[in-house]
Amino acid sequence: MLVGGSVEHAHVAVLEDGDLVEHYVTRKSRPSLVGNVYLGRVQNVLPGMEAAFVDIGQPRNAVLYVGELIGEEELEGGQQPPRIEQVLRSGQQILVQVTKDPMGTKGARLTTMVSLAGRYLVLVPNGTGYGISKKLPDDERSRLRDIARSIRPDGYSLIVRTAAQGAQADELQRDLDRLVRLWQEIDKRRGGKAPVEIYVEPDLVIRVVRDLFGKDFGKLVIEDPDVHDRVMKYIQAVDPDLAQHVELHQGPLSMFDTYHVTEQLRKALERKVWLPSGGYIVVDRTEALTVVDVNSGRYVSGKTLEDTVVKVNLEAAEEVVRQLRLRDIGGIIVIDFIDMLKAQNREEILRAFREALAKDKTKTQVIGISPLGLVEMTRKNVSEGLVEALSTPCPTCEGRGVVIEGDLA
């Protein structure tokens with residue numbers, strides 16, 4: 001993990017075997033709102049949309065859907081949730097948390113089911129029970145389940161995160177105590193006058209270190225000495241064993257140039273991405289979905305056409321997943337692999353694609369191969385993607401990529 005950037009942009013890059021696979025960026029002028037807690041005021045309730053628009057003090061009103069207002073676990077078996085107009089009214093004050101940043105013309109997405117993330121745990125006030133990360137081995141899940149059962153306070157739900165692997169009961173208890181104190185402070189402030197910001201998530205660097213950095217990383221390299229000191233203080237407080245993997249960048253070149261991140265970022269902003277064999281993929285984003293097209297390009301070395309296609313598709317399966325993670329593409333995604341005649345080859349490509357997706361920490365769902373031979377999937381969309389974060393729409397074509405000529409312009 002590399003932490004760098006400028007005063008205006010903070011950048012965090014994740015590399016696997018030298019390849020850039022994830023990149024996080026935030027602008028000082030436009031920080032992420034995800035995780036922030038607000039005391040909002042309901043502006044208007046729309047029964048036809050089963051949603052309400054809520055003023056949280058941002059330029060655009062945020063939206064709260066009925067499914068994020070009434071938790072499914074609160075409903076008894078088969079019970080239908082009440083209509084939103086039966087629960088909310090205009091002018092009502094309500095405690096909400098942002099789950100999705102504003103994008104384009106859409107405001108932020110909200111939930112009333114507040115959750116507070118720590119290093120090892122996620123605390124959900126006004127809940128019951130506990131959950132354990134499914135990415136942990138069965139024996140570790142069993143051990144952590146016993147600890148969660150013993151430390152969970154009444155009136156709270158607990159989720160044990162993947163980072164808790166190997167953590168002892170006292171470490172989880174300290175994390176829990178801090179989160180409970182944080183919720184108590186938030187709860188005290190909900191009596192104010194809306195709209196008001198009650199809690200702000202840590203900045204990008206601390207948030208990514210908290211959520212991602214663990215024993216599976218070889219090292220964490222930080223370019224700025226002040227940021228290095230701040231991260232070291234945080235790690236010493238929550239997981240001192242990780243401190244030995246943190247280092248300050250030294251050398252004549254910038255950190256991102258030293259690790260070839262700048263070059264890989266530049267390629268990630270391009271529409272066409274070349275594969276090692278000479279094939280390539282093309283990534284096109286639309287309002288509704290993202291389409292990835294796979295092409296054989298210059299590769300013609302297979303013994304048969306089917307062999308050629310399978311090799312290109314296998315390379316594409318790995319590269320498509322890398323690009324989804326790197327560009328942080330969310331929503332509906334359709335991948336048009338090159339057509340294959342044999343069903344066993346189609347299954348092989350789908351299996352390779354799912355295995356590559358297993359490395360993605362963002363929630364994904366692969367629907368399968370459609371009758372047209374398209375792989376359809378969804379990926380959780382939380383913040384703007386890499387292209388949106390590092391670019392602005394062209395003022396001439398307004399992002400369309402074409403300039404209308406003549407009298408029609």
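Predicted model: local features only at pLDDT ≥ 70, side-chain atom pairs only at ≥ 80, totals over all residues.
Student: What makes Cys 397 buried?

Tutor: Its relative accessible area is 12%. The limit for buried is under 20%, and therefore Cys 397 counts as buried.

Student: How do you know how many disulfides the structure has?

Tutor: A search of the whole structure finds zero. Cys 394 is in no disulfide, and its nearest cysteine sulfur, in Cys 397, is 3.8 Å away. A disulfide requires two sulfur atoms within 2.5 Å, so the separation of 3.8 Å between Cys 397 and Cys 394 is too far for a bond.

Student: What makes Arg 178 and Asp 175 a salt bridge?

Tutor: The closest N and O atoms of Arg 178 and Asp 175 are 3.8 Å apart. The cut-off is within 4 Å, so the pair forms a salt bridge. Both residues lie in helix 2, three residues apart, about one turn of the helix.

Student: What makes Asp 284 and Arg 271 a link between distant parts of the chain?

Tutor: The side chains of Asp 284 and Arg 271 meet in a salt bridge at 2.7 Å, N to O. Asp 284 belongs to strand 17 (residues 280-285), whereas Arg 271 is in the loop between helix 6 (261-268) and strand 16 (272-274), 13 residues apart. Arg 271, with a relative accessible area of 51%, is exposed, because exposed means over 50%.

Student: Why are strand 10 and strand 12 said to pair?

Tutor: Strand 10 (residues 121-125) and strand 12 (residues 156-160) share five bridges, in the antiparallel sense. Pairing requires at least two bridges, so these strands pair. One of the bridges joins Val 124 to Ser 157 in strand 12. Helix 2 (residues 169-189) packs on the sheet, touching strand 9, strand 10 and strand 12; its direction makes about 35° with that of strand 10.

Student: What makes strand 5 and strand 6 a pair?

Tutor: Strand 5 (residues 51-55) and strand 6 (residues 62-65) are joined in the antiparallel sense by four bridges. The requirement is at least two, so they count as a pair. Ala 52 has Leu 64 in strand 6 as its bridge partner. The two strands form a hairpin with six residues between them, and Gly 57 in the turn has a positive phi of about 90°.

Student: Which residues have the most contacts inside the largest nonpolar core?

Tutor: This core has 29 residues, and those with the most contacts inside it are Leu 116, Leu 121, Leu 123, Leu 144, Leu 172, Trp 183 and Ile 186. Helix 2 gives the most to this core, with seven residues.

How values were computed:
Residues numbered from 1 in each chain as written. Heavy atoms only, no water. Contact = heavy atoms within 4.5 Å. Axes fitted to C-alpha atoms, helices over the stretch in contact; angles between N-to-C directions. Buried < 20%, exposed > 50% of the residue type's maximum accessible area, 1.4 Å probe, protein only. Core = buried A, V, L, I, M, F, W, Y, C linked by side-chain atoms within 4.5 Å.
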